[in-house]
Amino acid sequence: MEDCLFCKIIRGKVPSKKVYEDDEIYAFEDINPAAPIHILFVPKKHIESIAKIEKEDEALIGKIYSAINKIAEEKGVKDKGYRVVTNCGKDAGQTVKHLHFHLLAGTNMGEKLL
Ligand code: AMP
Ligand code: ZN
């Protein structure tokens, strides 16, 4: 999508600190980290939010979680623990309308929400 920030990041039109990439997924550091490790995982396909996931996207969503686990292991937090958050829509505070999963780790988040 032309005016989508994360589509621009995926295409390299807006700079980002890449953490992971494959044919279908791109991951990069969040510009305003809420934890010592804060990485965003996005499908390269423009999907607005989890509310817009279709049957044909189910495998892709599984692959995103596998990529998250791979990076959690690389970052040394797989055993310590980590949080995965996806905000959907206005009341959840979704600011970028391109499906993304926040990987948060590196501190004890306890009961705190994002
Ligand atoms: P959400 O509020 O769930 O839509 O999350 C959007 C996230 O994107 C926020 O955590 C922002 O800090 C992050 N963000 C916004 N612009 C950029 C950018 N140019 N590069 C990296 N992360 C960004
Ligand atoms: Zn997009």
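## Salt bridges and nonpolar cores

Lys45 and Asp57 are joined by a salt bridge, with their closest N and O atoms 2.5 Å apart. The model is a predicted one, and the count of salt bridges in it comes to eight.

**Exposure of the Lys45–Asp57 pair**

- Lys45 has a relative accessibility of 35% and therefore counts as partly exposed.
- Asp57 is buried, because its relative accessible area is 2% and the cut-off for a buried residue is under 20%.

**A salt bridge between distant parts of the chain**

- A salt bridge also forms between the side chains of Lys63 and Glu24, at 2.7 Å from N to O.
- This pair links distant parts of the chain, 39 residues apart: Lys63 belongs to helix α2 (residues 58-74), whereas Glu24 sits in the loop between β1 (18-21) and β2 (25-29).
- Lys63 counts as partly exposed, since its relative accessibility is 40%.
- Glu24 likewise counts as partly exposed, at 31% relative accessibility.

**Further salt bridges**

- Glu48 pairs with Lys52 in a salt bridge whose closest N and O atoms are 3.6 Å apart.
- Glu48 is partly exposed, with a relative accessible area of 36%, and Lys52 is partly exposed as well, with a value of 45%.
- Salt bridges also link Lys18, Glu21 and Lys44 in a network.

**Nonpolar cores**

- The largest nonpolar core consists of 19 residues, and Ile39, Phe41, Ile64 and Phe101 are those with the most contacts inside it.
- Two or more residues of this core come from each of the elements β2, β3, α2 and β5 (101-105).
- Helix α2 gives the most to this core, contributing seven residues.
- Another core, of ten residues, lies apart from the largest one; among its members are Cys4, Ile9, Val42 and Val96.

**Contacts of Ile39**

- Leaving aside residues up to four places away in sequence, Ile39 touches Val19, Ala27, Phe28, Glu29, Asp30, Ile71, Lys75, Phe101, His102 and Leu103.
- One of these contacts, Phe101, is also listed with Ile39 among the residues that have the most contacts inside the largest core.

Key: Residues numbered from 1 in each chain as written. Chains lettered and ligands numbered in written order. Predicted model: local features only at pLDDT ≥ 70, side-chain atom pairs only at ≥ 80, totals over all residues. Heavy atoms only, no water. Salt bridge = Lys/Arg side-chain N within 4 Å of Asp/Glu carboxyl O. Helix = DSSP H or I, 4+ residues; strand = E, 2+ residues; numbered from the N terminus. Buried < 20%, exposed > 50% of the residue type's maximum accessible area, 1.4 Å probe, protein only. Core = buried A, V, L, I, M, F, W, Y, C linked by side-chain atoms within 4.5 Å. Contact = heavy atoms within 4.5 Å.
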